[in-house]
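Colleague: Please display the model, and then let us discuss its strands, helices and salt bridges in turn.

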Amino acid sequence: MPDQPDDDLELVYIAAKLEEARTIEAILEESAIEYEVRVEQYKAGVVFASVRAGAFFYVLPEAAPGCREVLRERGYRVHEPG
């Protein structure tokens with residue numbers, strides 16, 4: 001991915017497991033979508049909340065709608081802005 005300030009990238013997906021992250025990477029690469037993946041923390045659970053690490057997938061804003069559509073077509077629940 002070209003050098004972009006962090007604020008210029010858009011979050012499209014959060015993978016909770018390594019196998020899921022690898023599958024998402026394969027889908028994005030197969031679809032020729034440039035992405036950046038970062039390991040970040042997120043909060044999971046309601047009653048027994050915990051902090052976990054996940055693979056956060058980012059793309060350029062102009063690629064985000066198409067990327068989300070590709071992932072939705074494969075049955076994944078994508079991260080929507082806002």
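Modeller: Two strands are taken to pair if DSSP finds at least two bridges between them. Helices (H or I, at least four residues) and strands (E, at least two) are DSSP runs, numbered from the N terminus. The model is predicted, with local features needing pLDDT of at least 70 and side-chain atom pairs counting only at pLDDT 80 or more, while totals for chains, interfaces and linings use all residues. Residues are numbered from 1 along each chain as its sequence is written, and side-chain values use heavy atoms, with hydrogens and water left out.

Colleague: Which residue in the turn of the β2 and β3 hairpin has a positive phi?

Modeller: Strands β2 and β3 (residues 50-59) run antiparallel and are joined by 9 bridges. The hairpin leaves 5 residues between the strands, and the turn residue with a positive phi, of about 85 degrees, is G45.

Colleague: Which strands stand at the edges of the sheet?

Modeller: The sheet is open, with 3 strands in antiparallel pairing and the order β1-β3-β2. Its twist averages 40 degrees from one strand to the next. Each edge strand has a single partner, so one side of each is left without a neighbour in the sheet; these strands are β1 (10-15) and β2 (36-44).

Colleague: At what angle do the axes of α1 and α2 cross?

Modeller: Axes are lines fitted to C-alpha atoms, for helices over the stretch in contact, and angles run from 0 to 180 degrees between N-to-C directions. Helix α1 (residues 18-30) and helix α2 (residues 64-73) have axes that come within 11 Å, and the crossing angle is roughly 120 degrees.

Colleague: Which residues of α2 meet I24, I27 and L28 in α1?

Modeller: Contact means heavy atoms within 4.5 Å. On the α1 side the residues are I24, I27 and L28, and their counterparts in α2 are C67, V70 and L71.

Colleague: At what angle does α2 run to β1?

Modeller: Helix α2 also lies across the sheet strands β1 and β3. Its angle to β1 is about 25 degrees.

Colleague: Which residue forms a salt bridge with E10?

Modeller: A salt bridge is a side-chain nitrogen of Lys or Arg within 4 Å of a carboxyl oxygen of Asp or Glu, and the structure holds 6 of them. In the one formed by E10, the closest N and O atoms are 2.9 Å apart. The pair links distant parts of the chain, 58 residues apart, from E10 in strand β1 to a residue in helix α2, namely R68.
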